[in-house]
Amino acid sequence: MTCSLKLLAGQKKSSPFWTFEYYQTFFDVDTYQVFDRIKGSLLPIPGKNFVRLYIRSNPDLYGPFWICATLVFAIAISGNLSNFLIHLGEKTYHYVPEFRKVSIAATIIYAYAWLVPLALWGFLMWRNSKVMNIVSYSFLEIVCVYGYSLFIYIPTAVLWIIPQKAVRWILVMIALGISGSVLAMTFWPAVREDNRRIALATIGMIVLLHTLLSVGCLAYFFDAPEMDHLPTTTVAPNQTVGTAK
């Protein structure tokens with residue numbers, strides 16, 4: 001925990017970590033800044049650095065935290081509604097809310113939004129010690145970028161309720177293209193001075209992990225067959241059931 005606090009404190013000078021003022025600095029952002037950053041994540045501009053334009057002046061955890069929380073409930077609720085609509089009208093189907101999807105979605109989303117930035121930050125620090133890159137990011141800035149890049153998946157998860165696989169895959173490709181572009185254009189300046197293969201491999205891995213998150217959420221929460229609600233087989237009256245001797 002102390003290590004993560006030091007990472008977050010890398011850019012902001014604040015009170016000791018046991019005080020309320022310490023954590024308040026990470027949420028010191030107004031509504032205009034949050035909406036401006038969300039708009040920037042939805043409209044990536046080629047040649048424009050997302051961190052430099054929106055984040056560097058005041059990186060925050062308020063937007064990423066609530067975006068991830070909203071995305072968790074959007075995926076879980078939409079997944080339940082999608083399952084309900086698919087089986088609607090079936091006489092053998094009895095709807096049972098799957099609350100476990102909330103905890104599963106929370107684990108996936110928050111693990112991705114924190115562990116991947118942590119690994120990327122460590123990798124960039126290691127490469128910067130070998131190659132002097134012009135652009136560098138703090139851990140808090142990387143978390144910020146990843147958090148805001150996930151916003152596009154909130155409306156996408158709601159639209160995934162539509163019970164058409166073709167529509168769902170079109171939506172996921174659009175969301176992946178937008179959010180993946182934000183990540184690629186943001187982190188390319190931080191690795192372009194490195195070895196060409198390493199730079200391309202880094203961006204490729206960032207996009208690949210983002211793709212796995214998108215496709216994994218769609219496949220698990222929306223396209224996976226619901227085995228718990230398959231109709232149970234009944235035993236015919238003329239059949240006998242053997243008893244164990």
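In the predicted model, Ile75 touches Ala105, Ile109, Ala157, Cys217, Phe221 and Phe222, leaving aside residues up to four places away in sequence; contact means heavy atoms within 4.5 Å. Ile75 is also one of the residues that touch the most other members of the largest nonpolar core, together with Ile109, Tyr146, Tyr148, Leu150, Trp160 and Phe187. This core holds 51 residues. A nonpolar core is a set of buried Ala, Val, Leu, Ile, Met, Phe, Trp, Tyr and Cys residues joined through side-chain atoms within 4.5 Å. Two or more core residues come from each of helices 3 (31-42), 4 (50-55), 5, 6 (100-128), 7 (139-149), 8 (153-159), 9 (165-191) and 10 (196-223). Helix 9 gives the largest share, 10 residues. Another core, of 5 residues, lies apart from it and includes Phe26, Leu61, Phe139 and Val143.

Residues are numbered from 1 along each chain as its sequence is written. Because the model is predicted, local features need pLDDT of at least 70 and side-chain atom pairs count only at pLDDT 80 or more, whereas totals for chains, interfaces and linings use all residues, and side-chain values use heavy atoms, with hydrogens and water left out.

The chain contains 10 helices and 0 strands; helices (H or I, at least four residues) and strands (E, at least two) are DSSP runs numbered from the N terminus. Of its 245 residues, 42% count as buried, where buried means under 20% relative accessible area, exposed over 50% and partly exposed in between (1.4 Å probe, protein chains only). Among contacts between residues at least 6 apart in sequence, 76% join residues at least 24 apart.

The unreviewed UniProt entry lists residues 61-82, 102-126, 138-163, 169-191 and 198-222 under "transmembrane region"; such annotations may be inferred rather than shown by experiment. Residues 61-82 are 95% helix and 0% strand, with end C-alpha atoms 31 Å apart. For residues 102-126 the values are 100% helix and 0% strand, with 36 Å between the end C-alpha atoms.

Tyr62 lies in helix 5 (residues 62-87) and counts as partly exposed because its relative accessibility is 37%. With Phe27, Phe65 and Trp66, Tyr62 makes a nonpolar surface patch of about 400 Å². Trp114, in helix 6, is likewise classed as partly exposed, at 33% relative accessibility. The C-alpha atoms of Trp114 and Phe139 are 9.7 Å apart, the two residues being 25 residues apart along the chain.

Note on methods. Patch = residues over 30% accessible without salt bridge, like charges linked within 9 Å, V, L, I, M, F, W, Y side chains within 5 Å. Areas by Shrake-Rupley, 256 points an atom, 1.4 Å probe, with all protein chains shown as cover. Salt bridge = Lys/Arg side-chain N within 4 Å of Asp/Glu carboxyl O.
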